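Please read the points below alongside the sequence and the model.

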Amino acid sequence: MSTTTILVPADGQHAATTLAVHTAGRGPLALLLHGYPLDHRMWLDVLRSPLAEQRTLVAIDLRGHGSSPAPGDAAHTMERFAADAIAVLDALGGGRADVVGLSMGGYVALALAAQFPQRVRSLVLANTRAAADGDAAKAGRDAAIRTVLEQGRGAIAQAMLGKLLAKDADAVLAARVRTMIESTPVETIVADLRGLRDRRDHTALLPRLSMPTLAIAGEHDPITPPADLQAIANGVPSGRCVVVPAAAHLVPMEQPAAFAQHVGAFWARS
Ligand code: MLT
């Protein structure tokens, strides 16, 4: 795996910043977009999987995550993250990419497909949903903002771990996830939560998506249950859904071989 830094120019609302991208493999580009409040390390097993023989896998640290600095945005909108992904694609000289997003990364992938459909060769949407937050979910985001400001990142990790991983997850996996969450800056967590709370509803976009699309669910995911992924597959003309057993919200970390097998077969036929 090699790591490079990509410059994202300033626009009217955002200062210039840099993004760390972690690349492995060969062939056409595939962008890997991580979930909240994680970073590229959630893709480490995927980066060393057989998928690297089919695609050049590009795992982005979204702004403020992993090795990408936080440029001080009050909110991380899914549209800003999508524009950042396009800046990465431009810097790598790629016209189009296969896009793989998990959870928040899936919301970003949908924003990308909405704004830049000609840049998306195919979509893998894992452990995510098309719908926006309802009132209860929005209130939950506000409560999480108070929690991280008052009690710190450890409290967020504690609250999330039991939902991210299936019940019998091994201790090493749980420690990897906890370390990632606890290394994400508080200002990033707050900006993410505001962006998640206020994100657009993409349900009406689904019938207009013309690229091949695969939805991947975790059998025991309490955050985005299989019904949410099936709804995506039902909405997209070419959509298909697979449910991975013995996994919750982080299928690529919990069941990396099954994840790679489903994505590899999807890429091979699309
Ligand atoms: C994620 O994993 O990115 C989050 O759980 C997304 C969300 O809370 O909606």
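Which helices do the buried residues of H7 pack against? They pack against helix H6 (153–164), H8 and helix H10 (251–254); the points below set this in context.

1. Basis of the note. The model is predicted, and local features need pLDDT of at least 70, side-chain atom pairs count only at pLDDT 80 or more, while totals for chains, interfaces and linings use all residues. Residues are numbered from 1 along each chain as its sequence is written, and side-chain values use heavy atoms, with hydrogens and water left out. Helices (H or I, at least four residues) and strands (E, at least two) are DSSP runs, numbered from the N terminus.

2. Helix H7. The 12 residues of H7 (residues 171–182) should span 16 Å at 1.5 Å a residue, and the end C-alpha atoms are 16 Å apart, which agrees; the expected span is 1.5 Å times one less than the number of residues. Leu173, Val177, Met180 and Ile181 of H7 are buried. These residues cover an arc of only 100° around the axis, which puts them on the same side of H7. The arc is that of the directions from the helix axis to the C-beta atoms. Ala171 and Val172, on the other side of H7, are exposed. Here buried means under 20% relative accessible area, exposed over 50%, and partly exposed in between (1.4 Å probe, protein chains only).

3. Helix H11. This helix (residues 256–269) has 14 residues and reaches 20 Å from its first C-alpha to its last, close to the 20 Å expected at 1.5 Å a residue. Its buried residues are Phe259, Ala260, Val263, Gly264, Phe266 and Trp267. They cover an arc of only 165° around the axis, which puts them on the same side of H11. The exposed residues Ala257 and Ala268 sit on the face of H11 turned away from its buried side. As background, an α-helix has 3.6 residues a turn, so residues three or four places apart point the same way.

4. Helices H5 and H8. The axes of H5 (residues 135–151) and H8 (residues 186–197) come within 9 Å and cross at roughly 170°. That makes H5 roughly antiparallel to H8. Axes are lines fitted to C-alpha atoms, for helices over the stretch in contact, and angles run from 0 to 180 degrees between N-to-C directions. Angles under 35 degrees count as roughly parallel, over 145 as roughly antiparallel, 65 to 115 as roughly perpendicular and the rest as oblique. On the H5 side the contact involves Lys138, Arg141, Asp142, Ala144, Ile145, Val148 and Leu149, which meet Val186, Ile189, Val190, Leu193, Arg194, Leu196 and Arg197 in H8. By class, this contact of H5 with H8 has nine nonpolar, no polar and five charged residues. Contact means heavy atoms within 4.5 Å. Ala, Val, Leu, Ile, Met, Phe, Trp, Tyr, Cys and Pro count as nonpolar, Asp, Glu, Lys and Arg as charged, and the others, Gly among them, as polar.

5. Helices H5 and H6. The axes of H5 and H6 come within 6 Å and cross at roughly 135°. The two helices are therefore oblique to each other. Ala144, Thr147, Val148 and Gln151 of H5 make the contact with Arg153, Ala155 and Ile156 of H6. Its residues divide into four nonpolar, two polar and one charged.

6. Backbone features in loops. What is the peptide bond from Tyr36 to Pro37, cis or trans? It is cis, with omega near -15°, and Pro37 lies in the loop between strand S3 (29–33) and helix H1 (44–47). Ser103, in the loop between strand S5 (97–102) and helix H4 (104–115), has a phi near 55°, a positive value in a residue other than glycine. Ser103 is buried, with a relative accessible area of 9%. Ala246 also has a positive phi, of about 55°, although it is not a glycine. Ala246 lies in the loop between strand S8 (240–244) and H10 and, at 42% relative accessibility, counts as partly exposed.

7. Pro28. This residue is found in the loop between strand S2 (17–25) and S3 and is partly exposed, at 38% relative accessibility. Leaving aside neighbours within four places in sequence, Pro28 is in contact with Gln54, Arg55, Thr56 and Arg121. Pro28 and Asp98 are 70 residues apart in sequence and 8.1 Å apart in space, C-alpha to C-alpha.
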